[in-house]
Amino acid sequence: IWCDSSWELAWVIYNLDHNIIFEKNWKKFEYEYQGKIHHYIPDFKIGEEFIEVKGYMTDQSLEKIKQFPYKIRILGKNELKPIIDYVEKTYGKKYIELYD
């Protein structure tokens, strides 16, 4: 499962360990920002809900989420803290080394 960050990896490990069924999302969506068309690919999907792991929000991030046509859950630092804590406790702080 492709992960773009250690936070995404922690989220994947947590879900695998807890038998939560999810899939990597590859579907892209168009949105407009500053008069130009851009593409947005949310990170994951659980059922009909898209999941976005987000380290920080920019004006562009806020705009693409605002325009997103489906249900989406944004997971930031506060939402991911218990997940990261679980993964670090279970696999150690260098859990990123598990990823090849």
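Predicted model: local features only at pLDDT ≥ 70, side-chain atom pairs only at ≥ 80, totals over all residues.
Tutor: Residues are numbered from 1 along each chain as its sequence is written, and side-chain values use heavy atoms, with hydrogens and water left out.

Student: How many helices and strands does the protein chain have, and what makes a run count as one?

Tutor: Helices are DSSP runs of H or I with at least four residues, and strands are runs of E with at least two, numbered from the N terminus. On that basis the protein chain has three helices and six strands. Their order from the N terminus is α-β-β-β-β-β-α-β-α.

Student: Why is N15 called buried?

Tutor: Buried means under 20% relative accessible area, exposed over 50%, and partly exposed in between, with a 1.4 Å probe and protein chains only. N15 has a relative accessible area of 4%, so this residue is buried. N15 lies in helix α1. Buried residues make up 37% of the 100 residues in the protein chain.

Student: Which residues does N15 contact, leaving aside its neighbours within four places in sequence?

Tutor: A contact requires heavy atoms within 4.5 Å. With those neighbours set aside, N15 is in contact with I20, F22 and I46.

Student: What makes a set of residues a nonpolar core?

Tutor: The set must consist of buried Ala, Val, Leu, Ile, Met, Phe, Trp, Tyr and Cys residues joined through side-chain atoms within 4.5 Å. The largest such core has 16 residues, and A10, W11, V12, F44, L75, L80 and Y95 have the most contacts inside it. Helix α1 (6-17), strand β5 (49-53) and helix α3 (77-91) each supply at least two residues of this core. The largest share, five residues, comes from α1. Apart from this core lies another, of eight residues, including F29, Y33, Y40 and I72. In soluble globular proteins, nonpolar side chains tend to be buried together.

Student: Which residues does L80 touch, not counting those up to four places away in sequence?

Tutor: L80 touches W7, W11, V53 and L75.

Student: Why is the pair E8 and K24 called a salt bridge?

Tutor: A salt bridge is a side-chain nitrogen of Lys or Arg within 4 Å of a carboxyl oxygen of Asp or Glu. The bridge links distant parts of the chain, with E8 in helix α1 and K24 in strand β1 (residues 23-24), 16 residues apart. Both E8 and K24 are buried. The structure holds four salt bridges.

Student: What does the salt bridge between E49 and R73 tie together?

Tutor: The closest N and O atoms of E49 and R73 are 3.0 Å apart. E49 lies in strand β5 and R73 in strand β6 (residues 72-75), so the pair ties together parts 24 residues apart in sequence. E49 has a relative accessible area of 16% and is therefore buried, while R73, with 34%, is partly exposed.

Student: How do you know whether K93 is buried or exposed?

Tutor: K93 has 66% relative accessibility, so K93 counts as exposed. Its salt-bridge partner is E88, at 3.3 Å from N to O. With a relative accessible area of 23%, E88 is therefore partly exposed.
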